[in-house]
Amino acid sequence: RFLATYNSLTDKHLVGYFSNARIRQHLQRSGLISRSGRIIPEKEYRLNAVRRDHQRYVQECLARAIFHKVLDMERHHQLEIKRKLEYSAKKERVQKIKVRLECRWLLMAPGSFEQFRRSVEDAIPVHSPHPPLGPRTHSGLHPLVTGDRAGRSQW
């Protein structure tokens with residue numbers, strides 16, 4: 001019963017021990033005494049401990065949320081880079097095909113080239129930043145794309 005009510009901070013025989021600067025600093029950091037040297041009651045000490053624990057928990061949650069946000073941003077950035085690389089590779093492949101077709105054009109007879117070019121133009125879709133506003137004509141082109149088929153793709 002006596003030990004349950006005993007408080008070593010108030011023991012007159014330990015005054016010299018608790019007056020040591022290092023010990024007082026440790027007690028202050030632990031939250032057992034105030035800066036002025038006042039002994040913090042147990043109820044207030046427990047309340048302060050709960051507040052500190054809650055503050056640590058909130059900081060950990062915030063750090064975790066920031067970490068996950070950074071991971072998501074990095075993942076998005078990597079996907080964007082991958083998409084751009086794929087687009088560049090696709091563009092390069094199309095350019096190579098165009099160069100090959102130009103080389104074949106030089107070797108072809110004049111009459112057969114027109115038929116060959118139409119079949120290639122129908123096979124390779126033209127991507128425009130603005131979609132056509134109306135239906136296609138019998139030649140497969142939208143009316144806004146002029147009748148000059150050579151203007152559609154510069155061979």
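Student: Which side chain of opposite charge is nearest to aspartate 11, and how far away is it?
Tutor: Bear in mind that this is a predicted model. Aspartate 11 is buried but has no salt bridge. A salt bridge needs a side-chain nitrogen of Lys or Arg within 4 Å of a carboxyl oxygen. The nearest side chain of opposite charge is lysine 12, at 7.2 Å.

Student: With which side chain does the side chain of aspartate 11 make a polar contact?
Tutor: Start with the place: aspartate 11 sits in the loop between helix 1 (2-5) and helix 2 (15-18). Its side chain reaches the backbone nitrogen of histidine 13 at 2.9 Å. The side-chain partner, at 2.5 Å, is tyrosine 6.

Student: Is serine 34 buried or exposed?
Tutor: Serine 34 lies in the loop between helix 3 (21-30) and helix 4 (42-107). Buried means under 20% relative accessible area. Serine 34 has 16%, so it counts as buried.

Student: Which side chain makes a polar contact with the side chain of serine 34?
Tutor: Not counting residues up to four places away in sequence, serine 34 touches Gln28 and Ile40. The polar contact of its side chain, at 3.0 Å, is with the side chain of serine 36.

Terms used:
Residues are numbered from 1 along each chain as its sequence is written. This is a predicted model: local features need pLDDT of at least 70, side-chain atom pairs count only at pLDDT 80 or more; totals for chains, interfaces and linings use all residues. Side-chain values use heavy atoms; hydrogens and water are left out. Helices (H or I, at least four residues) and strands (E, at least two) are DSSP runs, numbered from the N terminus. Buried means under 20% relative accessible area, exposed over 50%, partly exposed in between (1.4 Å probe, protein chains only). Lys and Arg count as positive and Asp and Glu as negative; His and the chain ends are not counted. A polar contact is a pair of N or O atoms within 3.5 Å; within protein, one must be able to donate a hydrogen and the other to accept it, and residues adjacent in sequence count only if both atoms are side-chain atoms. Contact means heavy atoms within 4.5 Å.
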